[in-house]
Amino acid sequence: MSELVTGEAVALELRPAKLPSRGLAVLLDLAAAVTVYVLVTLGLVAATASLDEAARTAVTIATFVLVLVGGPILVETLTHGRSLGKLACGLRVVRDDGGPIRFRHALVRGLLGVIEILMTFGVVACVASLVSARGRRLGDVFAGTLVVRERIPAAGQGAFVPLPPPWLAGRFSGLDLSAVPDGLWLAVRQYLTRMRQLDPQVGWSMAERLASDVAGRTGAPVPPGVPPAMYLAAVLQERQTREAQRTFGGGGAPAAPAPTGAGGPVLPPPAVPSAPAPPTVPQAGYSPSSEPSDGGASAERPATGFVPPA
């Protein structure tokens, strides 16, 4: 099972789609595409009756490419991975990090789909899906995508990425996140969803390492006084907000984090691994009689090991 977070900033627990459901979705998509292709071809035959044989052949090839190749690419791009067949089967194409696909992902999937689905009648796609651990065909491997099931209920609060504290809202709005790879975002998400299950020292060291990697990619160091886990949560929320704005065409400033209970638990201060306190070394020349007398309070005051000021 893969815990992914969609680009619309919705935390979901999704599972990679199996071969039967993917095959059914492909059949539905092919049926819809072939129906459109037949209707368009019939209309073009009547419209191009006066043309010569070479012109009709060129129109037929162009219709095939535009409808059976360009059509699925356009649909997946506009619907962000939800074609007609995938919508009926409860599937969706996402990036490896769980974000919505773009035109380049749909283009690679569509072009390779001609070879492994149309030209080989799906044999290459079936073999590749059976060999892949996550059921990916060659188009998914080269495009960096994954077909997942959307109709899976969340398993509980453990699957949610905790929100950063309110005082970090909008602090990283000017950060350049383009150089951060998708694999690093996925590692940050996985850490934040499992940080409460880790040993405090192990979790703190992982947070420091991930925060250092993110800061190195963005060119901005972690602000002083901000724990690394809170820094990661705030930067991840900023990235999800930008993805949501690109997906839905929203403008303006990034949205403020939702209150506790509305979109997930707010990230508490992480447990800092405690170091053993150094032994107190009395200062040379110090004696209890050197403290000023203030009644019975001096008897109850613990020794500090430092000479009081004169």
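Trainee: Let's start with Thr 77. Is it buried or exposed?

Mentor: Thr 77 counts as buried, because its relative accessibility is 19% and the cut-off for buried is under 20%. Keep in mind that this is a predicted model.

Trainee: Got it. Where is Thr 77 found?

Mentor: Thr 77 sits in helix α2.

Trainee: And what is Thr 77 in contact with, leaving aside its neighbours within four places in sequence?

Mentor: Thr 77 is in contact with Arg 102, Phe 103 and Ala 106. Phe 103 and Ala 106 turn up again in the contact between α2 and α4, on the α4 side.

Trainee: Which residues make the contact?

Mentor: From α2 come Leu 68, Val 69, Ile 73, Glu 76 and Thr 77. From α4 come Phe 103, Ala 106, Leu 107, Arg 109, Gly 110, Leu 111, Val 114 and Leu 118.

Trainee: How many of those are nonpolar, polar and charged?

Mentor: The contact of α2 with α4 has nine nonpolar residues, two polar ones and two charged ones.

Trainee: Let me pick Val 69 out of that list. Buried or exposed?

Mentor: Val 69 in helix α2 is buried, with a relative accessible area of 11%. Not counting residues up to four places away in sequence, Val 69 touches Phe 64, Leu 111 and Val 114.

Trainee: How many residues apart in sequence are Val 69 and Leu 107?

Mentor: Val 69 and Leu 107 are 38 residues apart in sequence, and their C-alpha atoms are 9.2 Å apart in space.

Trainee: Okay, zooming out. How many helices and strands are there in the chain?

Mentor: The chain has ten helices and four strands. From the N terminus on, the elements run β-β-α-α-α-β-α-α-α-β-α-α-α-α.

Trainee: And what share of the chain is buried?

Mentor: Buried residues make up 37% of the 310 residues. As for contacts with a separation of 6 or more, residues 24 or more positions apart account for 71% of them.

Trainee: Strands next. How many bridges join β3 to β4?

Mentor: Five bridges join β3, residues 91–95, to β4, and the two strands run antiparallel. One of the pairings you can look for is Val 93 with its bridge partner in β4, Val 147.

Trainee: How many residues of β4 are buried?

Mentor: Four of the five residues in β4, which spans 145–149, are buried, leaving the strand mostly covered.

Trainee: Now Ala 143. Which helix is the place of Ala 143 in?

Mentor: Ala 143 is in helix α6, residues 138–143. Ala 143 is buried, with a relative accessible area of 11%.

Trainee: What does Ala 143 touch?

Mentor: Ala 143 touches His 105, Val 108 and Arg 109, not counting residues up to four places away in sequence.

Trainee: What about α5? Which of its residues are buried?

Mentor: The buried residues of α5, residues 123–131, are Ala 125, Ala 128 and Ser 129. They lie on the same side of α5, because they cover an arc of only 100° around the axis.

Trainee: So what covers those buried residues?

Mentor: The cover includes α1, α4 and α6.

Trainee: And which exposed residues are on the face turned away from the buried side?

Mentor: That face of α5 carries Val 123, Leu 130 and Val 131.

Trainee: Last topic, the loops. Where is Phe 121?

Mentor: Phe 121 is in the loop between α4 and α5. Phe 121 is exposed, with a relative accessible area of 76%. Although not a glycine, Phe 121 has a positive phi of about 55°.

Trainee: And what is the phi of His 80?

Mentor: His 80 also has a positive phi of about 55°, and His 80 is not a glycine. You will find His 80 in the loop between α2 and α3.

Trainee: One more: is Pro 221 buried or exposed?

Mentor: Pro 221 counts as exposed, at 66% relative accessibility. Pro 221 lies in the loop between α8 and α9.

Definitions and conventions. Residues are numbered from 1 along each chain as its sequence is written. This is a predicted model: local features need pLDDT of at least 70, side-chain atom pairs count only at pLDDT 80 or more; totals for chains, interfaces and linings use all residues. Side-chain values use heavy atoms; hydrogens and water are left out. Buried means under 20% relative accessible area, exposed over 50%, partly exposed in between (1.4 Å probe, protein chains only). Contact means heavy atoms within 4.5 Å. Two strands pair if DSSP finds at least two bridges between them. Ala, Val, Leu, Ile, Met, Phe, Trp, Tyr, Cys and Pro count as nonpolar, Asp, Glu, Lys and Arg as charged, and the others, Gly among them, as polar. The arc is that of the directions from the helix axis to the C-beta atoms.
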